[in-house]
Amino acid sequence: MIFPTSFWPVDSLSFFMLIMVTMLFSLVFVYSLAYVKRNLFRYYFVLLMALLGILGTILAKDLLSFYICLELMTVAVYFLIVDNTKKESFPAGFKYVIMMFAGGLFILVAALMLYNLTGTFEFAVFARVAHTLPAESIKLILALFVIGCLIEIGAVPFHVWLPDAHPIAPSPVSALLSGLVIKIGAYGLIRMLFIFKLGMQLLIWVGVLSMIFGVVLAIRQTNIKRLLAYSSISQMGYVLLGMGIGTSLGIGGGLFHILNHATFKMLLFLCLGAVIYATRERELKNLGGLGKRMPITAATFCIGALAISGIPPFNGFASKALIVSATAGNLWLKTALIITAAGTTAVFLKLFLQVFWGELPAQLKKTNEVPAPMCFSLLILAGICLVVGLFPGPVLNKFVPLTGIALLHFEFWNFKLLVDTTMAVFLGLAIYFFGVRFGLLGVGEGRGKENSTLLSYLSVDKFYCGVAALIEALCNMLKKVMRRSLNVYLLWIFMALVILLFVLWCPLWKITI
Amino acid sequence: MVAIFAWLASAFVLSTTARSVLAGQVIKYNLGGWPAPFGISLQVDGLSFFFAVLVMLVGLLILIYSLGIYLYARRFYSLLMIALSSILGIILTRDIFNLYVFFEMLAVASYVLITYKHKPRTIIASFKYLVMTEATWVFFLLSIAILYSLTGSLNMDVIAVQIPGIYQANPQIVYVVFSLMMISFGIKCGMFPLHTWIPEAHSQAPTPVSGLLSGLILKVGLYAMLRIFYLFFGATLLTHGVGNVIIFFGIVSLIFASAMALVQIEIKRMLAYSSISQIGFILIGVGLGTQLGLQGALFHIFNHALIKTGLFFCAGIIISQTGFWKIHQMKGVWQQMPGLTITFCLLSLAAIGIPPLNGFVSKLFVIQAVLLKHNYLIIFCLFLGILLTAACYFRVIQMFFSPEEFHHKHDFRPNPVGHFEHLTVYAFAFLCLLIGIFPALVINLIQPALKVLLP
């Protein structure tokens, strides 16, 4: 038996992803020209391999090719994450690669189970025979697949690799991770859910949890890139929420948010990458007042921050408007959305004020604007944010697939939506000022300790690290138990023989396994 | 040079049989002209041919690797050739006592090969190997004696015909024979409770011999297991669920050995434990006994021989260049030997089973075969095993890329590493990639072997 793999079905969904990936990837390339100075051969080799993997997942005609390209991407991105080869980059990369392999295995098992049901891996055939398959096994398969994709996306509670990997990677790579790599899981999810026409309650829960969790954790961070990483978790929550609702408004909003999040999060990462490039500082307390020294970076960062906070006329507003409308008056979901939007506003207000506003520290007096290739990428991305935000309707109808009636005639400049947005912004401002007043944001003076211990109980990371440490301790114990002595070895042999005979003579083996 | 000529001659002989064997025919040769039940006969069928190709391929690369090392003199090559020829003998013979003799020949040659460096630790390791193997091969002799007394013949075909009758009359005696054989083949292939010689011997042997041990000698144990179990017990025991016992041993080997590999300090010991866990993977496929499971097992035998021999050679070059044995000392190897590091990464990704490398294809077959049995416990164990394997290889890879300045061991003079060694290692990586992209190359070899196993 040989499993064939096949590529190139450019339908509207892969076309959409393809445009996004190629556009954003080329900007990362341009940015890297100025940013990366060492190990050029290795860096560009693995960067191109990552591109190959990402394009492969998007163009895959069947689930097996999807998995193969996913693993290719995982390995390439691992080497990108550890590109700095600093001491702390290896644990982060290790966590990333092991979790990704675990996710990949879930997807592989789901793929093989589908193969056993249908005799093929092809998406097109799945869509044709979807209604004839037994519902029970489909549910199991989809559950496995969804878990795999959630690990790839970095949704709560599988997010632990994300805040470790982002800060340690070189900035273009962090942009790539947040902008494209975590979108691949979402792409796979949409493909499969669309084939089996199942909206999932589970995804709504995971989405809401990710939104709130991500933003709560982001507020307190002081490492600028870590903060953005947590914010990515919260933004992917929007996408998952949209998919979980499963109406055309929800899925369309989710897809649109994939595009928008990719652009503005990439913009933000690249801006902060420019700050790090110019100042070599990553901690908020050492930064400040860079607005005058780096005007282009500051202006583009401002656009990105407005976009992610969902303020019109930038693109974040458009997709968030779709998702809010998709909740169709469900009060709980709407409250969660508004709280997250407010939190995001507060987070980025804090980030902007701390980095670009205020007094310039003495050691940063000689900071200059970054080189032209980096500015070019920033300006293009900011331009995309603005253009998509100004003309959301045409962009949505041209590029985002699965356009239903509700999407075609969606009114973006709706009074109710604007009221919601204003409410979120004011709430965000309130959170920011109260936060600064009571020292909850990790900046300024105030009590930090109690809050951080409070938050550490929320940390899922501890659980994962605990499991890993437990496994290692068990292995070490095993190593100690196994004595290196010939007598013991011979004893093992005879014991094995006796046990084998015993098992075979008593018909135990008929019931075991 | 003589060794290479010998290899070429046997390759020529093998290639003459290729066409008819791949077409599904069986070639027999009676030694001394005595017909089958009386004399010893050699036979090339699909299964033998598959293993013979593997042995010739890996054997050639081992020879080329050792050519460049001035340390190895005439004695080394003659022992190596004895080992290779006895492996071929095991693969071709149709007489069960002759099988025993070839196994002993192989064992004696490998004892001496392991101690080739004449250091106290190598002699201890080799002694352990010797005592353990001989202790278990007495069991094999015993099982041959039982079979001879029951059937009056040593020819495999004759015994195979009579076993179902014996099983009907007295199943217990068949169980005893099966257990004795399982233990004796298990020690050759490194099944869980019998694996203990492997880490010691692999880590102490000279590098080409580690490659030989892991690449070929373990596989010969698997060959004997496949050949004899499916020939003798295929219709009786294996169809009655004894395959589950093999699967159980496979699972335990997989989990236990990958857990041990995770905490090893020396790189060669780590690779040796990883070999055991891969053997566990193969045993799961063998125990399933389905078309797909056996295909995965045979494919994984082929892949693992290439991958692990390549990894041992990489490790050997790194050790001879730096003088370090331990993983945590191997920092900054990337700066010193980038080509070798990339090769190591490629081979270890193949060992984890990452597409598009060859390890992926065989693991896919085994997982699929297990899924078809709807056994989710085994799937979970496979999951765990693969993740632990990934963890132990990435532990090494991240050490290679670590930033610390590369430095030699104190007052250590690196051995010059020639082109032959590098060539071999690259050849292994190339083969892994090639088979991963075109798995049909090996699958065409496996099909006749499957026809032999599952007629």
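Modeller: The account below starts with chain B and then turns to chain A.

This is a predicted model, in which local features need pLDDT of at least 70 and side-chain atom pairs count only at pLDDT 80 or more, while totals for chains, interfaces and linings use all residues. Residues are numbered from 1 along each chain as its sequence is written, and chains are lettered from A and ligands numbered from 1 in the order in which they are written.

Chain B contains 18 helices and two strands; these are DSSP runs numbered from the N terminus, with helices being H or I of at least four residues and strands E of at least two. The radius of gyration of chain B, 21 Å, is close to the 23 Å that the globule rule gives for 455 residues, so chain B is as compact as a globular protein of that length. That radius is taken over C-alpha atoms, and the rule is 2.2 Å times the number of residues to the power 0.38. The C-alpha trace of chain B spans about 70 × 50 × 40 Å along its principal axes.

Of the 455 residues in chain B, 58% are buried. A residue counts as buried if 20 or more other C-beta atoms lie within 10 Å of its own, as exposed if 12 or fewer do, and as partly exposed in between, with C-beta atoms placed from the backbone. Among the contacts in chain B with a separation of 6 or more, 79% come from residues 24 or more positions apart; two residues are in contact if their C-beta atoms, placed from the backbone, lie within 7 Å.

Helix α14(B), residues 338–352, packs against α16(B) at an angle of about 175°, with the axes 9 Å apart. The axes are lines fitted to C-alpha atoms, for helices over the stretch in contact, and angles run from 0 to 180 degrees between N-to-C directions. The angle makes α14(B) roughly antiparallel to α16(B), because angles over 145 degrees count as roughly antiparallel, under 35 as roughly parallel, 65 to 115 as roughly perpendicular and the rest as oblique.

On the α14(B) side, the contact is made by T341(B), F344(B), C345(B), S348(B), A351(B) and I352(B). Their counterparts in α16(B) are I386(B), T389(B), A390(B), Y393(B), I397(B) and F400(B). An α-helix has 3.6 residues a turn, so residues three or four places apart point the same way. By class, this contact has nine nonpolar, three polar and no charged residues; Ala, Val, Leu, Ile, Met, Phe, Trp, Tyr, Cys and Pro count as nonpolar, Asp, Glu, Lys and Arg as charged, and the others, Gly among them, as polar.

The loop between α15 (358–372) and α16 (376–400) of chain B holds H374(B). Although not a glycine, H374(B) has a positive phi of about 55°. H374(B) is exposed, with 10 other C-beta atoms within 10 Å.

L347(B) belongs to the largest nonpolar core, which has 356 residues; L347(B), I81(A) and C432(B) are those with the most contacts inside it. Such a core is a set of buried Ala, Val, Leu, Ile, Met, Phe, Trp, Tyr and Cys residues joined through C-beta atoms within 7 Å. Leaving aside neighbours within four places in sequence, L347(B) is in contact with I307(B), G310(B), L311(B), C314(B), F428(B), A429(B) and C432(B).

Elsewhere in chain B, I144(B) is placed in helix α5, residues 120–151. I144(B) counts as buried, with 20 C-beta neighbours inside 10 Å. Beyond four places in sequence, I144(B) is in contact with I96(B), F97(B) and Y100(B).

Within chain A, α7(A) is mostly covered, with eight of its eight residues buried. What covers these buried residues includes α3, α4, α8 (171–196) and α10 (224–245) of chain A. P157(A) lies in the loop between α6 (135–153) and α7 (161–168) of chain A, and a cis peptide bond with omega of about 5° joins V156(A) to P157(A).
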